Amino acid sequence: MGVFRFELKQYKNSIIIWALSLSLAIMFLLPMFSGMLTEDKSSVVSSLQDNPMMEAMGISAENFFSPLGVYAFLSSFLMLAASIHAINLGLSIITKEHMQNTADFLMTKPYSRKQIFLSKMAAALCAIFIIAIAYCIGGFVAMLIVTGGGFDYTIFTLLSLVFPLLQVLFLLIGVLIGVIISRVGSTLPLALGVAFGLYVTGLFSNVVNSDIARRFSPFRYFNSNYIMENAQYESSYLILYIVLLVICITASYIISIKKDIKMVL
């Protein structure tokens, strides 16, 4: 528990800032965007049919002109910021011991490598869930403001759960990169590159309507149109998501407990 508490304390300010920023962002943006929607939507909807931007974002014009559609649309942008944070968290929580030359000191404590790795993962997941809970609460409050409570709670819950689900996957991607490449001078540029690369791949998959490209972008595993129309996730991509989670955590654990510790001179 010592490592777990220490890591949470280290990231306390970051957790607070991200939780407040994302929750306030959705609480401000959702009512603002919903208020911009015109009463006569038919002409606007027809003009947005086959619009390249709408295709790239993976949301239909019909769904966009609804509070839940706007929520899904805004969440896709805010999820990019959350993914950068999650990857950066996964990278930094693993590589900082190597870059700060504290790995040897940590190993002298009465903790096994297994305990250290699992404690770090528990702290990172706790940070992720705190941010996700704050975002979901912010989204719920915003939906209440916009609709007065008249929205489909099941679809809202499914759309909201995409946020922590993707955060966890991106966190584990960051951890896997961190255990493979321990010497990372600055984690943020790498996190930005990975997140933007996967995001652009997702946009490309929507534009060209490619299932192959879509498999390479976790951002597109949970299609908002499909969720809003079927009130469930696509089973094939949910399975792919679970497989990637298992691969990332298993590979990270095995590499972490076996990898030699090298000091940075």
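View 1. Two salt bridges are found when the whole structure is searched, a salt bridge being a side-chain nitrogen of Lys or Arg within 4 Å of a carboxyl oxygen of Asp or Glu. The model is predicted, so that local features need pLDDT of at least 70 and side-chain atom pairs count only at pLDDT 80 or more, whereas totals for chains, interfaces and linings use all residues. Residues are numbered from 1 along each chain as its sequence is written, and side-chain values use heavy atoms, with hydrogens and water left out. In one of the bridges, the side chains of E7 and K120 meet at 2.7 Å, N to O. The pair links distant parts of the chain, with E7 in helix α1 (residues 2–10) and K120 in helix α8 (residues 113–147), 113 residues apart; helices here are DSSP runs (H or I, at least four residues), numbered from the N terminus. E7 counts as buried because its relative accessibility is 2%, and K120 counts as buried at 3%, where buried means under 20% relative accessible area, exposed over 50%, and partly exposed in between (1.4 Å probe, protein chains only).

**View 2. Two sides of helix α1.** The buried residues of α1 are V3, F4 and E7. Seen down the axis of α1, these residues fall within an arc of 100°, so they line one face of the helix; the arc is that of the directions from the helix axis to the C-beta atoms. On the other side of α1, R5 and K9 are exposed.

**View 3. Salt bridge between E234 and R214.** Here the side chains of E234 and R214 meet in a salt bridge of 2.4 Å, N to O. E234 lies in the loop between α12 (224–230) and α13 (235–258), and R214 lies in helix α11 (residues 211–215), so the pair ties together parts that are 20 residues apart in sequence. Both E234 and R214 are buried.

**View 4. L68 in the largest nonpolar core.** The largest nonpolar core has 69 residues, and L68 is among those with the most contacts inside it, together with Y71, L159, F170, I173, F222 and I227. Such a core is a set of buried Ala, Val, Leu, Ile, Met, Phe, Trp, Tyr and Cys residues joined through side-chain atoms within 4.5 Å. Elements giving two or more residues to this core include α6 (67–99), α9 (153–180) and α10 (187–208). Leaving aside neighbours within four places in sequence, L68 is in contact (heavy atoms within 4.5 Å) with M143, F151, D152, I155, F156, L159 and M228.
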